[in-house]
Every structure is written in C-alpha cells, then in structure tokens.
Amino acid sequence: MSNGSFPPESGRRGGTLAIVLAALIPACCVAFWLLSSSPGGSKDDDADGGSGPTAPSTSSPSPSSPSATASPASGKPLQGKVVVIDPGHNPHNRDHPSQIARLVDIGTNEKECDTTGTATNSGYAEASFTLDVARRVRTALEARGATVRFTQDGDRPYGPCVDERAEIGNTAHADAVVSVHADGAAAGQRGFHVILPKSVRGGGADTSAITAPSRLLGERLRSRFAKATGSEPAQYIGDGSGLDVRGDLGGLNLSTVPKVFIECGNMRDPQDAAELTDAAWRERAGHGIAQGITDFLNE
C-alpha cells in the first residue's frame with residue numbers, strides 16, 4: 001500500500017455496482033419525463049384543444065384582435081356621419097341683384113337663383129341670422145364627432161344658387177342636410193316651422209326616396225327645437241303642426257339625401273324678432289337643431 005489507499009475491490013463487487021447503476025439511470029429518466037409532462041408543464045398542453053391552465057399573458061393585444069380595435073370615442077355619437085348645413089341666403093346677395101335673379105332649373109319648374117331673404121324691422125338681416133345659427137349648429141355637431149360642411153360661410157360673392165345648394169349635399173353623400181332660415185310673414189304671426197319635401201318627379205327632381213327619412217328628420221327637429229328654445233310651432237302655416245310640405249323649393253326638389261328647411265321664427269313680428277336678435281336665444285336654437293339632427297342620425 002502506498003499513499004494511504006485501500007486495496008482494490010474484487011472483480012465481483014465492481015460488476016455488481018455496474019448492474020445497479022444500469023438499472024437506476026433509466027428509472028430516473030422516466031421519472032423526469034413524467035414530471036415534465038404533468039399539466040401546466042408544457043407550452044403544447046392545449047395543442048389538441050385541452051383545457052390545461054396557462055399563465056396569463058402580459059403582452060399587449062395585437063392590432064387585429066377585437067380588444068385592440070379602436071372603439072368610437074366616448075361622447076362622439078356622430079363619429080363617421082356627414083352633415084351639411086345650408087345657411088339660407090348670403091349676406092352679399094344684395095350686392096349682386098342680376099346674378100341672383102337669373103332663373104335655374106328646380107326640376108319641376110324654374111326659379112330665381114336665390115334671394116336676399118328678409119330682415120327684422122330694425123334691419124337685422126335673415127342672412128346674418130342664418131350664418132350665426134348655422135355656425136352654432138356646426139360647433140355642437142363637430143363636438144359630437146360629425147363632419148360638417150356648409151353650402152356657404154359668407155365667403156362667396158353671392159349664392160350659391162338653390163340648385164347648387166342641393167348638389168353640395170348630394171355630392172357630400174350627407175346623412176342629413178338642414179337649411180336654416182327665418183320667415184318674413186306678417187306681424188302677429190309667430191312661431192317656427194319645418195319644411196319637408198313633397199314627393200315630386202320631373203326634370204332632374206325625384207324626391208320619392210327621401211320624403212320618408214326627411215319627415216323623420218323634420219319631426220326630430222321640431223321636437224328638439226321647441227324644447228331648446230321654448231318656441232311654439234307656427235299657427236299660421238301647416239295647421240299648427242310645425243310641419244309644412246312643399247314641392248316648389250329647388251333645395252328640396254333636387255336633393256337625393258334627407259333634407260329639410262327650418263324657419264326659426266318670424267322676423268317681421270316684434271316678439272319673434274326680439275328672440276331672433278338675442279345671442280343667447282340663438283345659442284339655444286343652434287343646440288336644438290343639433291340635437292334634432294343627432295336624434296335622427298342615431299335612430
């Protein structure tokens with residue numbers, strides 16, 4: 001013996017140890033495989049539709065997943081809607097009498113390109129009133145997500161003519177068009193009314209497809225305008241219903257999308273004129289029109 005070593009084992013003992021090790025190694029491998037194959041132990045557990053639990057994912061959803069799709073912005077009920085607002089007349093029409101007097105085709109007849117509109121006894125022009133209210137309507141609708149287009153914003157020398165006003169709404173494929181006006185009836189005749197298109201066909205006019213939705217738009221406007229302003233429907237027209245059907249207006253005859261006119265009051269009546277010239281009342285009027293349009297588009 002040298003270096004303190006024990007003498008080597010006999011050949012029989014070494015053979016026995018090799019046999020034991022040979023038996024243990026496969027058993028350990030089998031045990032390891034069973035543990036790693038237990039539920040939750042493999043990313044392929046659900047490959048065949050199994051329901052084994054998986055760890056919650058912390059990654060963001062992919063853009064194509066439903067949860068990642070952008071939903072309409074909160075408080076934007078008119079997202080994706082197109083509304084055309086038609087401020088009646090034009091403040092500069094009076095400076096172009098020959099141009100606005102020329103006749104244009106309204107489908108069933110011919111009519112003047114446009115007029116100057118009416119005014120209060122104190123000289124507040126309908127064209128100024130319609131622009132002011134229209135801009136208030138636009139502000140309210142845009143806040144709700146709508147795309148709003150004007151037929152004119154005081155930025156044209158005159159007009160546009162009534163046939164072009166209709167074409168602007170048609171080309172925009174508007175979901176709704178509202179033409180804002182104020183009446184010029186006799187003093188003592190008060191209130192507002194909404195003008196609806198009559199079912200007409202002739203020349204370039206065919207309103208058969210828009211009369212029903214236009215009536216619905218008009219009814220929503222009537223309700224909301226009355227509530228917002230406290231005004232009553234006019235008793236001197238439309239049998240007091242607040243609705244009047246006409247077939248002589250090019251802006252309606254030539255429209256292929258839902259469209260109405262609203263006469264917000266009578267500028268020639270002192271009581272109505274006091275309201276129409278009041279900025280706070282016009283603000284309420286604008287919100288009433290915007291709410292009527294919103295109700296219609298959310299039907």
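How many disulfides does a search of the whole structure find? One. Keep in mind that what we have here is a predicted model.

Cys113 and Cys161 are the partners, with 2.0 Å from S to S. It ties together distant parts of the chain: Cys113 sits in the loop between β3 (110–112) and α3, while Cys161 is in the loop between β4 and α4 (162–171), 48 residues apart. The angle about the S-S bond is -90°, a left-handed link. And are these two cysteines buried or exposed? Both are buried.

Stay in that loop between β4 and α4 for a second, as Pro160 is found there too. The peptide bond joining Gly159 and Pro160 is cis, with omega at about 10°. For context, most peptide bonds are trans.

Now the sheet. Six strands make an open sheet, and if you walk across it the order is β4-β1-β5-β10-β6-β9, with mixed pairing. At the edges you have β4 and β9 (243–246), each pairing on one side only. From one strand to the next, the twist averages 25°. There's also a helix packed on the sheet: α4 touches β1, β4, β5 and β10, and its direction makes about 165° with that of β1.

Let's zoom in on β4. It runs parallel to β1, and four bridges join the two.

Which brings me to the inside. In soluble globular proteins, nonpolar side chains tend to be buried together. Here, the largest nonpolar core has 36 residues, and those with the most contacts inside it are Ile85, Phe129, Leu141, Val178, Cys264, Ile289 and Ile293. Several elements supply at least two residues each, including β1 (82–87), α3 (126–143), β5 (176–183), α5 (211–229) and β10 (259–266). Which helix gives the most? That's α8, with seven residues.

Take Cys264 from that list: it counts as buried because its relative accessibility is 2%. Or take Ile293, which touches Val83, Ile85, Val137, Leu141, Ala176, Val178, Leu217 and Leu221, leaving aside residues up to four places away in sequence. Apart from this core lies another one, of six residues, among them Val82, Ala174, Val177 and Val257.

A bit more on α8. This helix has 19 residues and reaches 27 Å from its first C-alpha to its last, close to the 27 Å expected. Its buried residues include Trp281, Arg282, Ile289, Ile293 and Phe296. What do the buried residues of α8 pack against? The answer is β1, α3, β5, α5, β10 and α7 (270–276).

Most residues other than glycine have a negative phi. His173, though not a glycine, has a positive phi of about 50°. You'll find His173 in the loop between α4 and β5, and it counts as exposed because its relative accessibility is 64%. Asp239 is also not a glycine and has a positive phi, about 55°. Look for Asp239 in the loop between α5 and β9; at 82% relative accessibility, Asp239 counts as exposed.

That's the tour. Thanks, everyone!

Methods:
Residues are numbered from 1 along each chain as its sequence is written. This is a predicted model: local features need pLDDT of at least 70, side-chain atom pairs count only at pLDDT 80 or more; totals for chains, interfaces and linings use all residues. Side-chain values use heavy atoms; hydrogens and water are left out. A nonpolar core is a set of buried Ala, Val, Leu, Ile, Met, Phe, Trp, Tyr and Cys residues joined through side-chain atoms within 4.5 Å. Buried means under 20% relative accessible area, exposed over 50%, partly exposed in between (1.4 Å probe, protein chains only). Contact means heavy atoms within 4.5 Å. Two strands pair if DSSP finds at least two bridges between them. The expected span of a helix is 1.5 Å times one less than its number of residues. A disulfide is a pair of cysteine sulfur atoms within 2.5 Å. Axes are lines fitted to C-alpha atoms, for helices over the stretch in contact, and angles run from 0 to 180 degrees between N-to-C directions.
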